[in-house]
Amino acid sequence: MAKVLTFAQQKGGAGKTTLLAQVAVALMRSHRPALIDLDPQRTLTGWMDERIRRNGEAGMDLTESSEWRVGADISKAARDADLIFIDCPGVADVMLNRVLRETDLVIVPAQPSAPDVWATRATLRMAAKQGADARVVLNRVPPRGSVIEEMAAQLEAEGADLLPERIGNRVAFASAFAAGAGVTETAKGSRAAEEVEALAASIIRLLG
Ligand SMILES: Nc1ncnc2c1ncn2[C@@H]1O[C@H](COP(=O)(O)OP(=O)(O)O)[C@@H](O)[C@H]1O
Ligand SMILES: [Mg+2]
């Protein structure tokens, strides 16, 4: 049975699409990922188009989906893939509820800032309502700043499950994305690549 991994967060710009692409690339060696783009902005599709333009092939399929098709698209992707990555738009509501019911694990990227923390609460409530297991991953974490631990503590005090792995604020993520790649391809051995490898390993452990 293919596992379904959904990247959701009501707040735009938190890093859903970036982290999804990174983790999918990192897991290509050990798994057969398939991507589903549910965001009408089609950012993940843009990344995939660039990936194919540069390499001739991507190493994984992507389906451009929508609310009324996503159930069928998940079933279809599960025929060839063992790990299905779903990229959600910022404001999802009805669509998200539908997807969460089919999700094994929700990854909720959040930057260590108050607006992201506020939006995270709403996202976690939606996941809980649909019985989906959810984990918050702190993204774009600066090298230092007391706000980081404050935000982490606040989320944990509210009952959020935070992944121990954190992702730094690094240009390598933006440049890899622009090249249709992952940092584990473009910046092997870098701190960014290590962070992504650790996050991917943690996700696989959680999926069992
Ligand atoms: N860890 C990071 N370090 C540096 N830039 C990042 C990081 N994560 C995301 N970004 C940048 O932040 C912006 C928003 O990220 P994106 O993944 O598109 O968010 P979302 O899909 O949640 O709207 C993009 O320009 C992306 O390059
Ligand atoms: Mg996005």
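For my shell counts, Ala, Val, Leu, Ile, Met, Phe, Trp, Tyr, Cys and Pro are nonpolar, Asp, Glu, Lys and Arg are charged, and the others, Gly among them, are polar. I am working on a predicted model, where local features need pLDDT of at least 70, side-chain atom pairs count only at pLDDT 80 or more, and totals for chains, interfaces and linings use all residues. Residues are numbered from 1 along each chain as its sequence is written, while chains are lettered from A and ligands numbered from 1 in the order written.

Ligand 1 came up first. I found 18 residues around ligand 1, the closest being Gly15, Lys16, Thr17, Thr18 and Ala174 (near means a C-beta atom, placed from the backbone, within 6 Å). By class, this shell holds five nonpolar, ten polar and three charged residues.

Next I looked up the core. The largest nonpolar core has 61 residues, and Val23, Ala24, Leu35, Ile84, Phe85 and Ile86 have the most contacts inside it (a core is a set of buried Ala, Val, Leu, Ile, Met, Phe, Trp, Tyr and Cys residues joined through C-beta atoms within 7 Å; buried means 20 or more other C-beta atoms within 10 Å of a residue's own, C-beta atoms being placed from the backbone). Helix H1 (residues 16-26) gives the most to this core, with seven residues (helices are DSSP runs of H or I, at least four residues, and strands of E, at least two, numbered from the N terminus).

Last, I checked strand S5 (residues 105-110). Five of its six residues are buried, so S5 is largely enclosed by the rest of the structure. Three bridges join S5 to strand S1 (residues 3-7) in parallel (pairing needs at least two DSSP bridges), and Phe7 has Ile107 as its bridge partner in S5. Ile107 also stands opposite Arg135 in S6.

Key
Buried ≥ 20, exposed ≤ 12 C-beta atoms within 10 Å, placed from the backbone.
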